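Thank you all for coming. I would like to walk you through one structure this morning, going from the core out to a few loop residues.

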Amino acid sequence: QVQLVESGGGLVQAGGSLRLSCAASGRTLSTYGMGWFRQAPGKEREFVALISRSGSSTSYIDSVKGRFTISRDNAKNTVTLQMNSLKPEDTAVYYCAATPRLTIRPNENDYTYWGQGTQVTVSS
């Protein structure tokens, strides 16, 4: 069992930055691939970024490439999403999630454990 808790959300103006953190407890994160997903009002939840167990491999949705960076610190059992050049369309609840799969994919059905989410609001 893994418990995930996100933090770092908030209100920011367009062009600003936020740093989301996901802290894990219960089991070491190094045995899980990690992902960030988001859900905007009235929309389905979508994949944002993922990172492999070692951190050597990452992947992003096209709309955040070059602006968002996912990273992890297995010693601290944390995963971070650095978000720069934020746009109003990035407004959503952001969730971190963990998958035990060796091959990680942007498919939310692969992810077993989820955090409660943190709200990110970008004003224009």
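A word on terms before we start: helices (H or I, at least four residues) and strands (E, at least two) are DSSP runs, numbered from the N terminus. What you see is a predicted model, in which local features need pLDDT of at least 70 and side-chain atom pairs count only at pLDDT 80 or more, while totals for chains, interfaces and linings use all residues. Residues are numbered from 1 along each chain as its sequence is written, and side-chain values use heavy atoms, with hydrogens and water left out.

Let me take Thr91 to begin with, which sits in the loop between strand 8 (78–83) and strand 9 (92–99). Its side chain makes polar contacts, meaning pairs of N or O atoms within 3.5 Å, where within protein one must be able to donate a hydrogen and the other to accept it, and where residues adjacent in sequence count only if both atoms are side-chain atoms. The side chain of Thr91 reaches the backbone oxygen of Pro88 at 2.9 Å, and it also reaches the backbone nitrogen of Val122 at 2.9 Å. If we take contact as heavy atoms within 4.5 Å, and leave aside residues up to four places away in sequence, Thr91 touches Ala40, Pro41, Gln119, Val120, Thr121 and Val122.

Which residues have the most contacts inside the largest nonpolar core? A nonpolar core here is a set of buried Ala, Val, Leu, Ile, Met, Phe, Trp, Tyr and Cys residues joined through side-chain atoms within 4.5 Å, and buried means under 20% relative accessible area, with exposed over 50% and partly exposed in between, using a 1.4 Å probe and protein chains only. The largest core has 30 residues, and those with the most contacts inside it are Leu4, Met34, Trp36, Leu81, Met83 and Tyr94. A second, separate core of 6 residues includes Phe37, Phe47, Leu50 and Tyr111.

Leu4 lies in strand 1 (residues 3–7) and is buried, at 6% relative accessibility. The C-alpha atoms of Leu4 and Cys96 are separated by 7.3 Å, although the two residues are 92 apart along the chain.

Finally, two backbone angles deserve a look. Most residues other than glycine have a negative phi. Asn77, in the loop between strand 7 (68–73) and strand 8, has a positive phi near 55°, and Ser85, in the loop between strand 8 and strand 9, has a positive phi near 50°. Asn77 is buried at 14% relative accessible area, whereas Ser85 is partly exposed at 39%.
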